[in-house]
Amino acid sequence: MMSALAAVLAVTAVALTVQAAALVRSEWADPFVSTAPQRVPFLGGNEPATHAWSRFHVRYYPMTLVFVAFEMEMMFMYPWAVVFIEEGATALVEMGMFLTILGVGVVYAYKERVFSWQ
Amino acid sequence: MNEVEQLSAPLAIVVVAAVLVVGVYVSSVVDVVAFRSVAGQRLRPGSAALFPARVAHRLSRQQSVRTERPDMILRVLAPAALLGLAAAAVTVIPLSPGIVVADVGTGIVLFGAAEALAIVAIFFHGWSPNSPFALIAGYRFVAVALSYELLSMFVLIGAAIPAESLSIGAIVESQAGLWNVIRQPLGLPLFLIVSLGVTFSGPLDLLDSNDLAGGGSVEDSGMQRLAWQTARHAMRIAFAACAAAVFLGGWHGPVLPGGLWMALKTFAVIALLGFLDVFVARISAERFVRVAWGVLLPLAFLNLLIAGVGAL
Amino acid sequence: MIDVAFVVFSVAAVASGYGVFRVDSMIRATYLLLASFLNVGAILVLLLAEYLGVALLFMMTVEMIVMGLFMVMFMMNPAGLNPMNMVHQPRFAAAAGVVAAAGVAVVAVFADFPVAPVDAESATTRELGIELLGGSMLVFESIGVTLLATMVCSVILSSATGRFGDGYEGSVAPALEPGGDHRPADDLYDPDAAGGMDMDMDMGDMDHGEMDMGGMDMGGMDMGGMDMGGMDHGEMDMGGMDMGDMDHGGMERDS
Amino acid sequence: MTPVEVFVAAGADRWHDAQALRAHELVRLMPTPRHATVLLVAGTIPGSAREAFDRVHDQLPHPRAVVTWDEIVAGNDVVDAVASEIVGRADRVMADPSTSSPGRLADEEPNDWRGVGPFGQGGEGMMGGTPYGRAMAMTADDRDGLSLDRLELRLGPFLGQLPGGLVADVALQGEVIQSIEFACAGSAPFVTGDRAVPVARRLLWLSHALHVQGLDAFAVGAARLARRSARLDDDPGLARDFASLRRRMRWTGLRSALRSVGDRDGLDTWARWSAHLDAIAASLDGADSRPVSADGSMPITAAELAEMITGLTLTDAVTTIIGFDIDVPAMTTTAVET
């Protein structure tokens, strides 16, 4: 198990490093320098008055809260899936109950129009 | 179950690099072929085959424009991390009988973690240039991503039920008799929707989309753009390979050797994703979120029920 | 080999945790915290808790994505374009940190832990599943109810409009003063606020800083639910929540 | 050969014509100048848009070249002539990057910030000053009770997703448009009630609109039909090929993407698209013997359109604007040499 995970880590690190190195090298070796007008974010020709980074109004934030609560439950499902056949109907009923309870939450959120924000 | 021998780290790197280099190239060619055939343009095999190389050559000589006060660390990290995560996702997928780069016992959890971290990388891509269109696209993508994330977990868990294991190798073994695409018919379509979301293409092309002048990529030129496209195609490879392994029986198949079956099935999924990308119009993020929670999530529940009842 | 990995991951976890308070950008701070968690997850894997470790990567990633959205939404100067100090009450915080770390270290070194070595080949995920469906069934199901309550509460608290229209209609909170409006002062429409003077602006933003704490608590609650798996991250959560104070810290430095 | 990536900076008078380039195999119109090698200038660039034009020019990455549509002397087919000029110019500049078109605007920061303020980044306090040359956005109230930052942007006139020459002052909170004002008199008509539009222009509108909805491959098909309809008056296959394009469009999910976006008087964007498509089909079938036909889409003024899209997300606003084939009123008449 350890050697497998070590291989995952090694592969990830190498891919990440190679790509990052290519980008950094191109930044350094770039014969052209970006001028001030060139650096202006593209808006069709005009300049923005302010930086784009701002207190961005995330319209869907209630959805993210429901998501976090729902996603928590997924962590129980992985071990559940592994023992499902072993435990048989017990597993089906228990998870059914669990998901029904959470399903109520999603239905409630849907009814409260958490998933639309326009 | 077959005894799988763990590849050493250097060999693992070589194998994954080979898979990704070939895969990214093939996936880019598929894009060209899909575009030209749908657009009704002439399709010369030689020209299509050289297309990605020519584009790469041109972009590598183009200036990488810097925006005003970008977050340079995240700007470099975004494509790098996306490629790294695609590579990580590829490692847990069995490529042929007895050959999996890293036979991790919790394969689908690791795959899911890579998918979740990919959301971070993609968000960085929208955030880092400090540009309004890119910022909006990045935030919009997160709304979509959080919605498809649940679907992907559900369908992969459904596939783990008959295998009694979280390892993708075991999931492939469990399909010796019947593939999951038949046992759990809702799984593959839902997973394809997730794949379109992760590669922000087709109906879920909400990141680098034309309605925001290129969205997250609006400020990318030269190497930046090349690196981002490479990482995007690598993600497509990872998801296509996962779909092939988890739903299409992986290396199971008659006559041909297992590795070839796996490659063919992966290619089929790549081609399908490529054509969907060209052929399907973008829908708005809000609409997808509503559909994902209101329709697709119940379908994922149903898929789990089918998988569970079928396994009993 | 494992010892070396342990040291590397621990140092990386602590270093990125420290970085959270040293960077100016909320996004960098959020994802440095995530980096810290990823390293903790790797340490869990080294402890042969493979599923818990990998699941921690997964969970913390999505939590931090959501936290990042809120951080940028409610913090002044979210990208740290003007440098600021993220630390509130630095001396007290440093002292508290040292004491807490020393306490944990003392426990780690002197406590008499039960010795129960895990076999690397044992199927911990399977055992977890059996436990979940057997002995801990009641706990498991009540977590479902808790999560439902979390969902309903978060919808009630965060959704401004719903089926029944504006959230302020219908249920009217008591006024802060007799005869006053039930809404908090900064929710009343104030035409001067938009283009007002800097002073007004800062006051408004401070209020939001406090609101933000509310949002953070939410996150904390959720993490609490998750922590069933590994209580030891409680402190990290606190670290995340402390950032709610950084507006004030920044202002101190400005003045 | 890979297609040359082109960004079009078009005045309102040539913007539709320039869309015809989508039909050409060796040219690809890109949504942003950062992706382009060649900047194509088409039509009249008014004096008020000169600075914007210069900035878009500078935003192209090196090596870059400029091609001016109106300078090209063409025989029968101006689109082919423009395309071959683009390919030639791109080849030359790629072969010798030192001939890349130099910057047109002075290399000056928008605000002096270096060394200003306690940390030398130009800012003061938490939110004040101009850190790195720009101010920070400030808060404003919003309909849901939060007061978060408001981004005020002037979009256009050379934006890939909007008609050429259209300038809009937009205030955004999140991705939602809080207010929008088009930079022309509010009563200026974007679509007049009884206008007559040649079928080629309608097809060019369709090509651009498909591009915005993420259907670039279909946009190529529409642009090719537009070129054919402009070339020959009686091309018998044209009506059939358009019907086939329309049939294939039915499978793209466009209907569900456009339905109930931009509702007005019971008509949504999909209804407006359908009216356009019906009008094209009628002209091509010859059922409508006039060379041009009435619009099917309703008349609308700038102020009405602005009111319609206030409160929509930016995406839906763009979709709504594109749903009308609008005539952008000229901002000023002074032409500027490019």
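Analyst: Two residues are in contact if their C-beta atoms, placed from the backbone, lie within 7 Å. This is a predicted model, in which local features need pLDDT of at least 70 and side-chain atom pairs count only at pLDDT 80 or more, while totals for chains, interfaces and linings use all residues. Residues are numbered from 1 along each chain as its sequence is written, and chains are lettered from A and ligands numbered from 1 in the order in which they are written.

User: What makes up the contact between chain A and chain B?

Analyst: By that criterion, 58 residues of chain A and 62 residues of chain B take part. On the side of chain A that touches chain B, α1(A) provides the largest share, 19 residues. This side divides into 43 nonpolar (Ala, Val, Leu, Ile, Met, Phe, Trp, Tyr, Cys and Pro), 11 polar (the others, Gly among them) and 4 charged residues (Asp, Glu, Lys and Arg).

User: Why is helix α2 of chain D called largely enclosed?

Analyst: A residue is buried if 20 or more other C-beta atoms lie within 10 Å of its own. Because 7 of the 10 residues of α2(D), residues 50-59, are buried, the helix is largely enclosed by the rest of the structure. Among them are D:Phe53 and D:Val56. The buried residues pack against α2 of chain A and against β1, β3 and β4 of chain D.

User: How do you know that β1(D) and β3(D) pair?

Analyst: Pairing requires that DSSP finds at least two bridges; β1(D) and β3(D) have 5, in the parallel sense. D:Ala9 stands opposite D:Val41 in β3(D).

How values were computed:
Buried ≥ 20, exposed ≤ 12 C-beta atoms within 10 Å, placed from the backbone. Helix = DSSP H or I, 4+ residues; strand = E, 2+ residues; numbered from the N terminus.
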